[in-house]
There are 2 protein chains.
Amino acid sequence: MDHISDSTVRRLSNYLRVLDEIASAGEDMVSSHGLAGRSGVTPAQVRKDLSYFGSFGRRGLGYSVAALKAEIRAILGLNKRWRVALVGAGNIGSALFAYKEFGRQGFDIVAVFDNAEDRVGQRLGDLTIEPISEFARLSQQRGVEIGVIATPPRHAQEIAERMIAAGLKGILNFAPRKLFVPDTVALRSVNMAIELESLSFALAHGEPARRAGRRFPLAE
Amino acid sequence: MDHISDSTVRRLSNYLRVLDEIASAGEDMVSSHGLAGRSGVTPAQVRKDLSYFGSFGRRGLGYSVAALKAEIRAILGLNKRWRVALVGAGNIGSALFAYKEFGRQGFDIVAVFDNAEDRVGQRLGDLTIEPISEFARLSQQRGVEIGVIATPPRHAQEIAERMIAAGLKGILNFAPRKLFVPDTVALRSVNMAIELESLSFALAHGEPARRAGRRFPLAE
DNA sequence: TGTTGTGAAGGCGTTCACAGCC
DNA sequence: GGCTGTGAACGCCTTCACAACA
């Protein structure tokens, strides 16, 4: 497999959720057109995205919903469960911990860290909040592969470096700050400040639209 | 001003946070190179992004940190405060409500809605959680401009339509589902499932790197 | 006829490279 | 000399359009 663009991967992730809906609706087959309509992209885009990984459809018929789901899950690496360490047990961290979607998608939080005196030692679900100093030891002991950063922005880079030192290979960052990591580590960021400010820009300039879609002309 | 790409707007939002840091460090002037290094982009990119909106720098000298901050804030529409309605007072919704960054960036949550029997009527900060049926009336009464969706995915599209019907012009969606809105409405989404699955893809394929950067070769 | 898979064309955003100015 | 602002070149992603096939 060649180089796959991030946009393609993100769309695959979307197709997967749409396929779940289609499966729940009892449909067995779906065409690129059907999948595209519900995903807000063009049919050609759907076919192109899938073509990077193989030929999963049948000409004249479309794609088997169940088979395509399985293919995409395999492509995305969702056939295993990932072990996650959460750093930061404040507002955002606690909400993430309680967020069921997390576990449902195959990500298990197996350790929680914080440095606030009044949080260390407390229970969160069936885990105990540990001090950051224990990060490397516990992460290695529990086989953590992915780190989630939910600390204030001023600590985010330092925590990322600690995660890298502990051998983690993926980081999901919720702190509103750009992080720098070596290219052996995968980094994704969820930055609410950027989304809000980009909304603000769109509203202030009264030109929010961007792409054509299905039920409505589509934005975002 | 022509059409501005979403990438440019998102980078501007980043420059703003970096400029805050630089200002805190007591620097008065910054070059495109300096700003680029701390933002994880190229100097040419910084200059190009800014050039869409005007000529803010001085050749040979760079940009005034304070002036550039003010320019970018104006460009992003951050010189006013935005009135926000939050729908969904569960895990994510409550965390968003308590998230200080929200108010700090100029976004005030002025109404909270939920449909769960045990939540309606409860207090959240100095607001009372209202039933969804009151959405249009209260939003109009309180001058809401932006809606935040923090409900389970199956209700997200319906809530979006209710927001549009009530005249809101911007929506920030936290539900892991693609929404369809008319192109008169600005939509941004924060989708954790996509980020996690794209991390999973990167780890499963062992090719996480994407762009060259500063302190480390940069990912994301 | 209906739909996929894909090379080629097109469009858009990033990078280059240099003229213009301090 | 140093740095910005910007047209032009480049490269990547999306869209087109059609051959292949059920």
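Predicted model: local features only at pLDDT ≥ 70, side-chain atom pairs only at ≥ 80, totals over all residues.
Now for the geometry. Two packed helices are described by the angle between their axes and the distance between the axes. Here α1 spans residues 6-24 of chain A and α4 spans residues 65-75 of chain A, and their axes come within 10 Å and cross at roughly 150 degrees. Angles over 145 degrees count as roughly antiparallel, so α1(A) is roughly antiparallel to α4(A). The crossing of α1(A) past α4(A) is left-handed.

## An aromatic pair between chains

Count the aromatic pairs over all chains and you find four. One of them is made by A:Phe53 and B:Phe201: the ring centres sit 6.3 Å apart and the planes are at 90 degrees, so this pair is edge-to-face.

This pair crosses between chains. A:Phe53 is in the loop between α3 (43-51) and β2 (63-64) of chain A, while B:Phe201 belongs to helix α9 (residues 192-205) of chain B. Are these two residues buried or exposed? Both A:Phe53 and B:Phe201 are buried.

## A tilted pair within chain A

A:Phe113 and A:Phe135 make another aromatic pair, this one tilted, with 4.8 Å from centre to centre and 55 degrees between the planes. A:Phe113 is part of strand β4 (residues 107-113) of chain A and A:Phe135 is part of helix α7 (residues 135-141) of chain A, so the pair ties together parts that are 22 residues apart in sequence.

Accessibility is quick to sum up for these two. A:Phe113 is buried, at 0% relative accessible area, and A:Phe135 also counts as buried, at 2%.

A:Val144 lies in the loop between α7 and β7 (146-149) of chain A. With the buried cut-off at under 20% relative accessible area, A:Val144 counts as buried because its value is 9%.

Which residues does A:Val144 touch, leaving aside those up to four places away in sequence? The list is A:Arg83, A:Val84, A:Ala85, A:Val110, A:Ser139 and A:Leu168. As for A:Leu61, which is 83 residues from A:Val144 along the chain, the C-alpha atoms of the two are separated by 43 Å.

Key. Residues numbered from 1 in each chain as written. Chains lettered and ligands numbered in written order. Heavy atoms only, no water. Axes fitted to C-alpha atoms, helices over the stretch in contact; angles between N-to-C directions. Helix = DSSP H or I, 4+ residues; strand = E, 2+ residues; numbered from the N terminus. Parallel < 35°, antiparallel > 145°, perpendicular 65-115°, else oblique. Left-handed = near helix turned anticlockwise from the far one by under 90°. Phe/Tyr/Trp six-rings, centres within 6.5 Å; stacked < 30°, edge-to-face > 60°. Buried < 20%, exposed > 50% of the residue type's maximum accessible area, 1.4 Å probe, protein only. Contact = heavy atoms within 4.5 Å.
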